[in-house]
Amino acid sequence: MSGKKHISKGLSSKKVDDYLRFSVFLVLIGVAYIWNSYEAERQVALREAYRVEVKELKSRYLLKKSTLSAETRLSQIQDKVDTLGLRPLYEPAYRLVRGVEVPLSRIPKRDRHPGQRFESISAENPVAHADSTKGSIPSVEAGG
């Protein structure tokens with residue numbers, strides 16, 4: 001036996017280590033592939049469920065919207081209010097001030113508070129009195 005190395009037939013620990021690493025790598029890739037396919041199927045099912053729910057909610061919205069639109073028509077409201085004995089106004093609104101009728105359009109918006117009272121308006125000419133004090137009620141004079 002002169003200087004020849006002994007060649008072993010079989011697996012060495014280095015080869016086993018290399019094969020084991022490659023096998024673990026393949027298993028991890030397979031697990032990732034399987035997990036990805038399950039996740040994709042779950043996402044598709046979830047998307048389909050959301051699509052069905054959105055479709056249902058849209059139909060409910062349209063139903064509610066049409067119902068509200070039908071119930072808020074003037075004719076429907078008048079029919080409901082007629083049972084209470086109310087009827088629409090055919091003349092402009094006005095406000096009673098110490099027994100004097102002053103049209104609401106003649107009272108400035110800032111003075112239309114229901115709790116506010118005009119203290120010293122005379123019954124003869126409330127417009128002239130208001131013009132002379134605060135100018136809160138505009139006068140009805142020709143030209144201005």
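Biologist: What do the side chains of Asp17 and Arg21 meet in?
Modeller: In this predicted model, the side chains of Asp17 and Arg21 meet in a salt bridge, with 3.5 Å from N to O.

Biologist: How many residues apart are they in helix H1?
Modeller: Asp17 and Arg21 are four residues apart in helix H1, which puts about one helical turn between them.

Biologist: And is Arg21 buried or exposed?
Modeller: Arg21 is exposed, because its relative accessible area of 57% is over the 50% cut-off, whereas Asp17, at 34%, counts as partly exposed.

Biologist: How many salt bridges turn up in the whole structure?
Modeller: A search of the whole structure gives four, among them one between Lys14 and Asp18, whose closest N and O atoms are 3.9 Å apart. Both of these residues belong to helix H1 and sit four residues apart, about one turn of the helix; Lys14 is exposed at 61% relative accessible area, while Asp18 is partly exposed at 41%.

Biologist: What about Arg51, which residue does it form a salt bridge with?
Modeller: Arg51 forms one with Glu48, and there the closest N and O atoms are 2.5 Å apart. The two lie three residues apart in helix H1, about one turn, and Arg51 at 46% relative accessibility is partly exposed, as is Glu48 at 40%.

Biologist: Changing topic, which residues make the nonpolar surface patch?
Modeller: Phe22, Phe25, Leu26 and Ile29 make a nonpolar surface patch of about 410 Å², and Phe22 is found in helix H1, which covers residues 13–71.

Key: Residues are numbered from 1 along each chain as its sequence is written. This is a predicted model: local features need pLDDT of at least 70, side-chain atom pairs count only at pLDDT 80 or more; totals for chains, interfaces and linings use all residues. Side-chain values use heavy atoms; hydrogens and water are left out. Patches are made of residues with over 30% relative accessible area and no salt bridge: like charges are joined within 9 Å, nonpolar side chains (Val, Leu, Ile, Met, Phe, Trp, Tyr) within 5 Å. Accessible areas come from the Shrake-Rupley method with a 1.4 Å probe; for residues, only the protein chains shown count as cover. Buried means under 20% relative accessible area, exposed over 50%, partly exposed in between (1.4 Å probe, protein chains only).
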